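User: I would like to learn how to read a model like this one. Can you take me through the features step by step?

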Amino acid sequence: MTTTSTAPHCHIAMIGLGVMGKSLTLNLIDNGFHVAGFDLNSSNIQQTTQEAQIISKGQFVACDSLEQILAHLPSPRVIALSVPAGDIVDSVITDLLNAGLNPQDIVIDTGNSLWTDTIARDKHYQGKLNFFSTAVSGGEQGARFGPALMASGDEHAWEYVKPMWNAIAAKVNQHGLPVEPLQDGEACATFTGPSGSGHYVKMVHNGIEYADMQLICEVYQYLHQVIGLKAEHIGDIFSEWNQGVLNSYLMEISADILKQKDFQSDQPLVEMILDKAGQKGTGVWTAINSLEVGCPAPSIAQSVYARSLSSLKERRQLGEQKLAVITETHKTEALSTTIAELHDALYCAKLCVYAQGFDLMKTTSEQQDWQLNFAEIAKGWRAGCIIRAVFLQSITKAFEADPQLDNLLFDQHFGHEIKSRQLNWRRCVANASLYGVAIPGIGSALSYFDSMRCATLPANLLQAQRDYFGSHTYSRIDQPESQKYHVEWSHHPRTEIKK
Ligand code: 6PG
């Protein structure tokens with residue numbers, strides 16, 4: 001292996017030169033930084049070396065040991081890890097410590113780590129190194145030409161990392177719209193706060209991503225299976241929607257996918273793809289977190305269930321034979337009416353998904369005392385990340401106007417947006433039910449909305465049920481909530497007891 005110099009002239013080291021590590025490295029080189037790289041897999045090092053040389057000779061230093069990596073970095077050393085989340089992170093850090101890492105050296109975990117692991121690591125490595133994290137969104141292309149970065153940890157470490165992250169991150173112009181790579185603009189690199197918060201924000205980003213993808217899939221299924229439209233036609237509809245309020249990366253790629261023909265048959269490619277969804281776990285983490293903190297995110301949870309249901313292919317095949325279905329078969333709506341209803345349902349449901357995600361972040365931020373800045377988070381998602389969408393500019397404005405906004409749906413602009421489209425949303429949910437198409441994302445979002453706007457829910461009966469069989473007590477509406485009551489349900493005459 002060749003190294004060009006042993007002087008500590010590199011700005012940063014990248015450990016792990018797989019798809020993401022290599023792309024981040026090349027992006028750093030594009031932006032004028034010198035990078036020392038290491039990977040246990042020599043072909044990854046060779047590949048990165050070759051691609052780096054095409055951009056600029058001498059900015060990438062391929063290293064064959066961690067000791068060499070350390071020798072190429074001035075103090076405090078800045079070392080990014082691009083390795084799979086989990087135990088590997090700790091094993092690489094242990095090797096770095098054995099190689100001579102100093103307590104002031106900054107180690108950045110750029111993987112999709114579980115946020116509570118990040119907090120635990122921060123504590124565990126106190127005094128041994130400065131543990132920092134940066135969650136990266138945008139996949140391979142994002143990492144290469146402009147990702148969204150969610151950094152957290154020590155503020156002092158951020159000062160060292162910030163210039164590099166600001167340089168490589170995706171940028172937006174003064175209207176909040178993405179600009180081309182290497183063009184000037186506001187960087188989508190957000191320092192979210194204390195350790196763990198960046199990975200938490202990325203986890204919620206992925207929860208929103210899951211739900212947003214699911215909503216689009218539901219519209220596709222409705223148009224394809226109920227209305228009988230061809231994939232290409234649906235792709236055209238999505239392209240048109242992508243010109244308006246639904247403009248987003250996920251809308252754009254869905255339109256593109258639907259217009260793609262299979263490489264072997266003349267069918268649309270999408271119809272040749274097995275309908276079993278994979279998942280790596282971040283959606284499940286978000287759903288679990290919402291249940292644990294008691295902050296409802298039903299559409300996010302439903303999108304995880306939808307992936308689980310999709311993977312039960314054999315059982316669904318059996319269900320198709322065994323379960324009798326009685327649906328409305330007579331469709332009276334014009335196609336243009338159905339398309340308008342689906343458009344509005346998708347938009348309203350999408351707003352509810354983002355409202356759930358931001359509400360979840362607000363709840364956890366308060367519990368962890370992170371003081372997350374939601375306007376900054378929304379700003380940081382306007383480019384580079386998978387959920388980038390034009391309406392993140394309006395979300396930014398909503399939180400700039402009221403940083404403590406209780407729920408995104410309470411913002412005046414979004415309140416108006418939903419009001420004007422609500423009836424179409426309801427018609428879409430009603431029709432989907434009549435025609436027998438499952439819309440767990442769009443439907444659960446409507447139930448979320450209807451619960452959110454309902455001052456009185458039937459939990460009064462539920463509390464009575466709990467008291468009936470378990471003496472769990474209840475509060476009365478005409479007494480302070482802290483005062484609990486219980487009825488001796490099995491006694492006659494029944495009496496109410498103050499607890
Ligand atoms: C991103 C993505 C990225 C990845 C997900 C996919 O922001 O760039 O979210 O992190 O695509 O991990 O997750 P699933 O495999 O669970 O769909």
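**Domains, ligand shell and buried side chains**

Analyst: Start with the domains. The assignment for the protein chain gives domain 1 (12-194), domain 2 (202-452) and domain 3 (459-498). Keep in mind that this is a predicted model.

User: How far apart are the C-alpha centres of domain 1 and domain 3?

Analyst: They lie 57 Å apart.

User: Now the ligand. How many residues surround the ligand, and which are the closest?

Analyst: A shell is read with a distance cut-off: a residue is near a molecule if one of its heavy atoms lies within 4 Å of it. Here 13 residues surround the ligand. The closest are S137, E209, Y210, K280 and R307.

User: Which domains supply the shell around the ligand?

Analyst: Domain 1 (12-194) and domain 2 (202-452) each give at least three residues.

User: Which helix gives the most to that shell?

Analyst: Helix α8, residues 197-226, with 5 residues.

User: How do the shell residues divide into nonpolar, polar and charged?

Analyst: There are 2 nonpolar, 7 polar and 4 charged residues.

User: Which polar side-chain atoms lie by an oxygen atom of the ligand, and at what distance?

Analyst: Read these as pairs of N or O atoms within 3.5 Å. For N112, a polar side-chain atom is 3.0 Å from a ligand oxygen. For K202, a side-chain N or O atom is 2.8 Å from an oxygen of the ligand. For Y210, the distance from a polar side-chain atom to a ligand oxygen is 2.4 Å.

User: How much of the ligand does the protein bury?

Analyst: Compare the area of the ligand alone with what the protein covers. Alone, the ligand exposes 410 Å². The protein buries 80% of that.

User: Back to K202. Where is K202 placed, and what does UniProt list for it?

Analyst: K202 sits in helix α8. The unreviewed UniProt entry lists K202 and E209 under "active site".

User: Is K202 buried or exposed?

Analyst: Check the relative accessible area against the cut-off: buried means under 20%. K202 has 5%, so K202 is buried.

User: What does the side chain of R77 reach?

Analyst: The backbone oxygen of L70, at 3.0 Å.

Conventions:
Residues numbered from 1 in each chain as written. Predicted model: local features only at pLDDT ≥ 70, side-chain atom pairs only at ≥ 80, totals over all residues. Heavy atoms only, no water. Domains from an automatic or database assignment. Polar contact = N/O pair within 3.5 Å; in protein donor to acceptor, adjacent residues only side chain to side chain. Areas by Shrake-Rupley, 256 points an atom, 1.4 Å probe, with all protein chains shown as cover. Helix = DSSP H or I, 4+ residues; strand = E, 2+ residues; numbered from the N terminus. Nonpolar A, V, L, I, M, F, W, Y, C, P; charged D, E, K, R; others polar. UniProt positions renumbered as here; feature names shortened; annotations may be inferred. Buried < 20%, exposed > 50% of the residue type's maximum accessible area, 1.4 Å probe, protein only.
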